[in-house]
Structures are given as structure tokens and as C-alpha cells.
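Thanks, everyone. Have a look at the model first.

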Amino acid sequence: MARTGSVLATSRADDRVLPFTKALSAVIVPFLVLAFVVLYVFPGQTARLFAWPIASTMTSMTLASAYLGGVYFFLRVLRLRRWHMASTGFVAVALFASLLGVATILHWPVFSHDTVAFWLWAALYWSTPFLVVGAWLANRRYAAPPEDDEPRLSRGAARVVGVVGLLALVQGVTLFVAPTLMIPYWPWPLTPLTAQVIGAIFCLGCAGLVSLRDNRWSTIELLVQVAMVMIVSIMVAAIRAAGEFDPRRVLTWLLLAGFVLVLLGCLWLWLTMTRRRRVPA
């Protein structure tokens, strides 16, 4: 009997991506696309088109960049056959959405309650965390153990990815928990609400922590690609909103250097590991 149960468990642990997870991804994508267009193409029109008026176009476009990364991530999920490639991304998305849901409650008077955009925002961020966590839990039952011949990061590379993820998480938590402390040092103008929004975006970097316990390249490949999409979009936004930056603030240059280094590191890692790949993902 025990042997039968073991065989059954092994047959179920095929690392599949469940239909519910793909359906959820398909439903989320159009909302992300719409938000990206509004915030990135029309960053100065948020009072009319978005859930609340955002004075800083850099803030609008940074949030849009996170949505663009989300579009890429969930579109890729639709075609994935191995759950572990997206698992950590779902954890990061759940944290991001939960923080924005909390921020909505904390700054309720700031939002434009008489707009459709606000109620779409509220509905998404009060439901998405539960749906994403539900998808993660459901898929987790089918998670398969690593295969011996899978391409892996070196110990040093895995630690670097993990440390970058930890630093992003610390930065994000600091912005979210103590926004008024960070506002005077931030490169562009923030309000308590937008500081927490930017903090939630940085918390997406927590996905990198997975490399400290799972150094398979397939586990972080999609996350690396999403990071590159987001960073390139943010850097283009920085050029468009250059006038909003304060060059006298040290964090302006530290943040720029950090983004450049992370982008170059992601590109190097992706190119290096792609060349080493021995089996299709």
C-alpha cells in the first residue's frame, strides 16, 4: 500500500502548470497592459485616467515598468510546462499586490473614488493576492524534485543573485514601512503613498532570494528576463523624466549605478547560461 502511494505521488510530481494558473495569468494580462499604457504613455494624465493623481511622471512610469514586467511574466506563464520556472515569481507578485492593497487602505482619501479606474484598482489588489497564493498552493502539490543534469549557477553567482534580491527587499520594506524617512533622500519627488508604491516595486526583487536554496538556472531564468524588461523600461523613463531628478542627492547616483550594474549582471548571466544550456527548458 505504501509503495502504491509512493508511485502515485511520484506520478503527480511532474512539475506541471495547472490550467487554473494559466487562466489566471490570461485574465491578469489585459489589466496590466491597460495600466502600462495609461501610466507610461500618458504619465501626466493620471488625475483623469488612473486610480489617483500622481504628480511625478517618473513615479507613474516606474509603476508602469513593473506592470510591463508583469505582462512579460504572465505571458510566459501561459506557455510554460514546468511550474518551478514561475513559482518564485508568483510569491513576489503576491507580496507586491498585498502591499498595494494595504497602501490603498492606508491612503484611502488620496484615491479618486468616483472613477472606474479606482474600483478596478481596488478590486484587483484586494483579490489578486488571494488568487495568486491559491494558484501557488495548488501548483505546489505537483512540484518535482530537481534533475541531476540541470544547468546550475555557480555558488558565487547564486549568492550574488540572492544578495541583490535581499538588498531590493530591504530597500522596498524601508520605503513601505518608513516612507517619510526616505522621501527627503529619494532621487525624485515622492508622497507617502507613492513612496510605498515604489517600495512595493522594489519588494519584487525578493524573487532573487530563491537562488540561495535552488541554484538551477531554470528557476531564475524567467525572473532574470523580467528584471531586464523592467530595468530597461525604468531607465528609458528616467531619460524622459530627467528634470524630476535631484542631482545633489547621493541616492540619485547610487540608484542609477545599481540599476546599471543589475542590468549588466542579468544580461551577462542570461548570455552565459544560455550558452551552457544542455537541455531545453
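Contact here means heavy atoms within 4.5 Å. With that, take V132. Leaving aside neighbours within four places in sequence, V132 is in contact with L24, F90, V93 and A94. Before more of that, the ground rules. This is a predicted model: local features need pLDDT of at least 70, side-chain atom pairs count only at pLDDT 80 or more, and totals for chains, interfaces and linings use all residues. Residues are numbered from 1 along each chain as its sequence is written, and side-chain values use heavy atoms, with hydrogens and water left out.

Back to V132. V132 sits in helix α6. Helices are DSSP runs of H or I, at least four residues, strands are E runs of at least two, and both are numbered from the N terminus. Is V132 buried or exposed? Buried, with a relative accessible area of 0%. The cut-offs: buried is under 20% relative accessible area, exposed is over 50%, partly exposed is in between, with a 1.4 Å probe and protein chains only. V91 is 41 residues away from V132 along the chain, and their C-alpha atoms are separated by 7.9 Å.

Helix α5, residues 84-106, packs with α6 at an angle of about 145°, and their axes are 8 Å apart. Axes are lines fitted to C-alpha atoms, for helices over the stretch in contact, and angles run from 0 to 180 degrees between N-to-C directions. The crossing of α5 with α6 is left-handed. Left-handed means the near helix is turned anticlockwise from the far one by less than a right angle; clockwise would be right-handed. On the α5 side, the residues that meet α6 include F90, V91, V93 and A94. On the α6 side, they include W121, P129, V132 and W136. By class, this contact divides into 17 nonpolar, 5 polar and no charged residues. The classes: Ala, Val, Leu, Ile, Met, Phe, Trp, Tyr, Cys and Pro are nonpolar, Asp, Glu, Lys and Arg are charged, and the others, Gly among them, are polar.

Next pair. Helix α2, residues 19-41, and α4 have axes that come within 8 Å and cross at roughly 155°. The two are therefore roughly antiparallel. The scale is this: under 35 degrees is roughly parallel, over 145 roughly antiparallel, 65 to 115 roughly perpendicular, and the rest oblique. The α2 and α4 crossing is left-handed. From α2, the contact includes I28, L32, F36 and Y40. From α4, it includes M61, L68, F74 and V77. The contact of α2 with α4 has 17 nonpolar, 5 polar and 1 charged residues.

And how does α4 sit against α9? Helix α4, residues 57-77, packs with helix α9, residues 192-203, at about 30°, with axes 10 Å apart. That makes α4 roughly parallel to α9. This crossing is left-handed too. T59, T62, L63 and A66 of α4 make the contact with T194, V197, I198 and I201 of α9. Those residues divide into 5 nonpolar, 3 polar and no charged.

Now some single residues. L124 lies in helix α6, residues 116-140. L124 is partly exposed, at 26% relative accessible area. V163 is in helix α7, residues 155-177. V163 is partly exposed as well, at 45%.

One backbone point. Most residues other than glycine have a negative phi. D15 is not a glycine, yet has a positive phi of about 60°. D15 lies in the loop between α1 (2-12) and α2. D15 is buried, with a relative accessible area of 5%.

Last, the cysteines. A disulfide is counted as a pair of cysteine sulfur atoms within 2.5 Å. How many disulfides by this rule? The count is 0. C203 is buried, at 2%. For C266, the closest cysteine sulfur is again in C206, but 15 Å away, too far for a bond. C266 is buried, at 11%.

That's my tour. Over to you.
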